[in-house]
Amino acid sequence: MLRQLVLILVLGVIWTTAAFSCTKMFPSQPPPSSVNSVRPSDVSVLSFIGFKSPSSELSTVSSRLRDLLSMYNPDLISHLPDDTNAFGQHRNSLVVQAKEVTFDMQNNQHIIMNRDWKLVLLFVQVDQLCVCEQQQISSVIRSAVTEVDKALHFLHSQLQRTIVSIALWDGETQSNDCVCKDRISDGEHRLEQAMLTHALLESLDELMVQRKWYSDREDFVVTLQDVPLIGDQSFFINKTPLSDSKASQHSDRLTVQIWSNLLQPTVDQPTAENNGEMLTLPCPTEERAFLRTEGNSPSYHHSNDSPLLHPFTGTAMPCNDFSPSESTPTTVHELRPADIKVVAAVGDSLTAGNGIPSGPNNILDVLSQYRGLSWSVGGDDNLTTVTTLPNILKYFNPSVTGFSVGKGKQDTPQAFLNQAVTGAKSTNVPTQVQALVARMKNDSRINFETDWKVISVFIGGNDLCDFCYNSLRYSMESYARNVRQSLDYLHQQVPRAFVNLIEPLHITPLREMHLNSSVNCPTWLVDILCPCVILPKPNSKALEMAEEMNRGYQRVLNELVESGRYDTRPDFTVVVQPFFREIVVPKLPDGRPDRSYFSADCFHLSQKSQTLMARALWNNMLEPLGNKTVEQDFMVPIDLKCPSKNSPFIRTYNNSEYEYAGPSPTPGPVTNWGSDFSCNNHSPSETVPSSVHKLRPADIKVVAALGDSTTAATGAKAQNLFQLDRNDRGVSWSIGGDGTLDTVTTIPNILKKFNPSLKGFSRGSTVRQKGFNMAVAGAKTSDILAQVQALIQALKGNKEVNFENDWKMVTIFIGGNDLCHYCLDQNNLSPKNYSHSLMLGLDMLYKEVPKVLVNVVEIMQIAVVKSVKKNTLGCSLLQRVSCPCVINPSENSPEMEEIKRINHQYQVEIQYLLSSDRYDGKEDFAVVLQPFLLSSFIPQTGDGMANPDFFSLDCFHISDRTHAEMAIALWNNMLEPVGRKQAYNNFTHDRTKIHCPSEASPFIFTKTNSQPSPPVTTSVPTTTTITAPTVDPTFPETKCPISTPIWVPVLVGTLSLLAGTIVAWFIMSCTNNKKNKYSKEGEEMKATGL
C-alpha cells in the first residue's frame, strides 16, 4: 500500500492529479485463469510494440500509462523501448519488435511466463505510412495489416496469459518524412490522412473478426482500440507546434483515452475528452471490473454494416415550357433557363463530390471526387437517374456545357468548369475563380463573350470547422473579404453571368449525427475534419460561438450582395440562394439520425442529399428575392418548380421588384477603448468589513500596483519612436485613472463606478501623477521588494489614506523581463528565484500592511511576442533589444524550447507559492492568483502572425487597446471563484464585456469565500479527475475543477509518509527495548505489528 501511495504522489506531480478515487486496486484472489477475467491489478508485465520512429509523445503516453497501471500493481514489470537503440535501427518491423519483447520476457528472471499475466500494447503508427498516389492506399493498408497479423501470430505462438491491445497512432504530425507528402494541398492531406486511418482501423477490425481475436485459448486474446490516437489538430491548421503545457495536456488526453479503451465499457462512462479544465479517468467498477476483451465486452464491428439501399436519386421533370427567349437576352434580368449555355462552380469537397456514392463500408471511397454527381455542376447520365443542376438545365438546353463528369480532381479534363478543391476554405476561392475564368476563355466549346453562364459559389464550411483556431483568419470579415475578392474578379472578367452565391449550410445541427452512438458514425474522424463544430459541449460558450460564426457567415454574404456592388451593369448579377440557412437533420422512424443521407464518414453528403440540394438550388433560382425558401428539411420531399408564364425568368432583384437595403453603414473608427457599465448594485457593505473575504468592490478605498513596463504603461499611446520611452500611466490597465470608463477602460475607472472617491490611481504620464503606481519599466522580479517598500512608505505618508482602516487593493504583474533576459543570467533568473523574490515582496505586504487584497496576475506565455511582426524600424530593431532571449532564437530551436519550458516553470512556481496557506493567517489579508493570461489568445493576422494593433510601435510593449482588454479580464477574474476562473482571454473588442457582482456572491472572490457549501452525500460513479494545466483556447468554456490545489495532495501525502515513518520507527524501537528487557527477566511478550 505504501508503494501505491508513492505512485499516487508521483502521478500527482506528473499529471497534476488532484485526487485518485479508484478502489478495488488489489489483485484477484485466486489469480484468474481466463483472459476474460483479468483486472488491471492482475497485470504483472506491460510491454510495448510499434515504436517505429523517434516519438517523444508516444514515449510520454506509454510512460504515463505504465505509471497508471503501476498504481494497481506496484510490482509491475515494464520496459519502454530505448530510443537510441530502437530508433538507430529505424523502422524495425512489428515482427522483429515482437520477437525482441518475447525474448526479453523469457530471459527476465522476475517473470514467470506461465503464471504472470501480460499486457502488450501494439501501436500501429499511421503517420509512418507513405502514400504517393491515391491508388496506393489499398496496397499500403494491406501491407500494414499483414505486418500486424504476422506479429500477432508470433506473439500467440510464444506467450501465455497475454492480452494484446492494438492501437492506431497518428500523433506525430511533423515526423512523416514521406518524400511525396507535398503532392496535395493541406486540406486534401488532412482528409486523406483521416480516411487512411479509418480504413486501416476497419481492415484491422475485419482481421480480428476473421481470426476470432486469436482467442482459441483461454489465456490469450487480442483487442482493437476502436478510436485511434490522434495528434492535436492545431498543427494541421496553424502549422505551429504545441507549447510545452498544451503538449503535456494533450499527452494526458491520449493516455486517458488508451486507459478508457483498455477497460470494460460501463454505462454512462465518462469519455476521455477534455471537459473544460478537467479530464475524467474512468475506474473499473464492481460490475465491470476487467480489462476489455471481445469475450466480456462484445464490440461493434464495421463488417456488420449492411450496404445502404441505393436511394432513388433521379427526378421527374414537371415542366412543359422549355423554350428559350426569342432572341438572346442582353440583360440578366430576362434570362430564361433555356438561355443558359454554360454551367460552372467553385467551392470545397461538397462541390468536388467527395464520397457521394460511398457506402458505409467503403471509407476510402470518400477520397474519390465524383464530380459528375455534384449537385450544382455534375452532368453524369441524365435527370432520371442523377439529379443535378446541369441535368435539370439539359431539359431546357440539351447543348448546355461546362458540367463535370466522372471522377477526378479539378485539373483533369473531366472536371471541366468544376474548379472546387477538396478541403478548400474561402481564402482559396480567388485562385479557383481565376482558374475557372482561364478555362472558360480557352475552351473552344464556349463563346466567352456571348454565352450566358451560371456560376455557383458555395464555400465556408471548412472555415467554420477551423475558426476556433484562428479568430482573425476565419473571422466574418476575412470570410467576406475572400468572397468579395472572388466575386469582384468574376464581375470584372466575365460577361453575361448569373452567379448563385449559396449561403453556408447551417452546420451545427449536423452534430446530431455524432450524439447517438447507435448510429455508428466515426465521430473521432469528424473531430479531425471539423473540430470547432463537433468538439464543443452542448450549451457551451464554444458551441454558441460556432453558431454565431455560422450565422455571421450567412449574414455577411447577404450584406455583400445587398450593397448593390454587383449590379452595375445589365449582364451580370449575384443572387444569394438561402435554402441552407436552416437545416432539419433527417431522422429514422425510431428518432435516430438517418445515416443514408451521409457518406461513409458521416460528414460528407451522400447522393441522396445531393439530389435534394440540386432540387432546392433550382427552386431557389426560380423564387423571387424576398420570398425564397430558407430551410432544407431532408425529410420532406422536394418537387421541382417550373418557370411560369408570368415569371419565366431566373429571378434577380430587378425582376423580383426587390429593393436592396443598400450597403450596411460602415462603422466609424474606434476613437477610444472605453467600456459600457451595466451593474446596478454599487453599494458598499453596511459596515466596513473586517474580513477580506467579505470585501465588496465599493469597499475598496485605495488602489496600488507593482510591476514592470506593462503596469507603467510604457509606450502605450506612443505615436512615434520618440514617445516609446514615455510611461502613459493614466491608461495602465490595473492602476490608470485617466478620463472615465466611457473612454478609458482600467480597473480604477471600473472601481470608481462603485466608489467615486477611490484613491491611488495614476494619471497622465508624469511622475508627479503616478499615484501608487510603483511599477518601473525594465523591472525584474528581484525589484519587487524595493517596490513594496516604496509603496508602504507612500501609503503611510499620504494624508488622504487611512493606513490602518482603508481597504486597499494591490495588483502585481511581473516576470516578463526575467524571461526576456533569462538566457543572459540563468542562475539569478531561475524559476526558483522568480518565486522567491515574489515571496519576499508578498511577505512584507503580509506583515506590514493591514486590510489589503493582493491580485497576483499569472505571467503570460511570452513566446507570443515572437509572432508580432511589422515592417518598421521599431519592430525590427527595438523588439530584439527589449526581449533578446525570446526574439533572437529561431522558431523550434532548442533555445526557444528552453524559454517556453522556463515560462511554464514560472507559472508552476507561482501557482505553488499562492496555493499554499502561507498568507492565510490574517483575516484582513488575501492573495489571489488571477490566471486570465495563462492561455492568452492574441488575434492573428491572415498569415498567422499576432495582430500588431495590440502592441506599441516597438512590437513589444502593449498598446492602450490591450491595456483595456487586460483591465476587463482582470476585473472579470476578480468576480470569478478561485478554481473556476477563466484562464484565457481572447482580446476581442466589445464594450459590453464587463461583468457585475452577483446578488448571491457580491464579494471579490478569495480562496476562502470560493469554497462550495458542504455537499450532500450521494452515490456517484467511481472516477478519477485529472486537472489539465491550461484551458484549451479552441473551445472557451470554463468548467468547475476541484478547488484543492495541485500540490496539496502531494505535500500532505509526503508529510504523512514522513510522519508515519518516524512514528513507526519510534514504536518499533520502544518495542525492541521492551523485548530486550523482558528477555533478561525470562518472560515473553507478544508484540503487535503496526
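This is a predicted model: local features need pLDDT of at least 70, side-chain atom pairs count only at pLDDT 80 or more; totals for chains, interfaces and linings use all residues.
Local features require pLDDT of at least 70 and side-chain atom pairs pLDDT 80 or more, whereas totals for chains, interfaces and linings use all residues. Residues are numbered from 1 along each chain as its sequence is written, and side-chain values use heavy atoms, with hydrogens and water left out.

The chain contains 27 helices and 19 strands. These are DSSP runs numbered from the N terminus (helices: H or I, at least four residues; strands: E, at least two). Of the 1090 residues, 59% are buried. Buried means under 20% relative accessible area, exposed over 50%, and partly exposed in between (1.4 Å probe, protein chains only). Contacts (heavy atoms within 4.5 Å) were also sorted by sequence separation. Among those between residues at least 6 apart in sequence, 78% join residues at least 24 apart.

The largest nonpolar core holds 184 residues. Such a core is a set of buried Ala, Val, Leu, Ile, Met, Phe, Trp, Tyr and Cys residues joined through side-chain atoms within 4.5 Å. Ile166, Leu200, Leu204, Ile455 and Leu487 touch the most other members. Helix α6 (residues 186-211) is the main contributor, giving ten residues, the most to this core. Ile166 touches Leu122, Val124, Val148, Leu152, Leu204, Met208, Val222, Thr223, Leu224 and Gln225, leaving aside residues up to four places away in sequence. A second core is separate and has 93 residues. Leu838, Tyr846, Val856 and Met966 are among them.

Two helix pairs were examined. Two packed helices are described by the angle between their axes and the distance between the axes. Axes are lines fitted to C-alpha atoms, for helices over the stretch in contact, and angles run from 0 to 180 degrees between N-to-C directions. The axes of α20 (residues 784-797) and α22 (residues 831-848) come within 8 Å and cross at roughly 25°. Helix α20 is therefore roughly parallel to α22. Angles under 35 degrees count as roughly parallel, over 145 as roughly antiparallel, 65 to 115 as roughly perpendicular and the rest as oblique. The crossing of α20 and α22 is right-handed, that is, the near helix is turned clockwise from the far one by less than a right angle. On α20, the contact involves Ile784, Leu785, Val788, Gln789, Leu791, Ile792 and Lys796. On α22, the partners are Leu840, Gly841, Met844, Leu845 and Glu848. By class, this contact has eight nonpolar, two polar and two charged residues. Ala, Val, Leu, Ile, Met, Phe, Trp, Tyr, Cys and Pro count as nonpolar, Asp, Glu, Lys and Arg as charged, and the others, Gly among them, as polar.

Helices α11 (residues 429-442) and α13 (residues 476-493) pack at about 20°, with axes 8 Å apart. They are therefore roughly parallel to each other. Their crossing is right-handed. Val429, Pro430, Val433, Gln434, Val437 and Lys441 of α11 meet Asn482, Gln485, Ser486, Tyr489, Leu490 and Gln493 of α13. The contact of α11 with α13 comprises six nonpolar, five polar and one charged residues.

Most residues other than glycine have a negative phi, and most peptide bonds are trans. A cis peptide bond joins Gln29 and Pro30, with omega about -5°. Pro30 lies in the loop between α1 (2-14) and β1 (43-49). Glu657, not a glycine, has a positive phi of about 50°. Glu657 sits in the loop between β14 (631-633) and β15 (700-707) and is exposed, at 76% relative accessible area. Cys955 also has a positive phi, near 60°. Cys955 is in the loop between β18 (925-930) and α26 (960-974). Cys955 is buried, with a relative accessible area of 0%.
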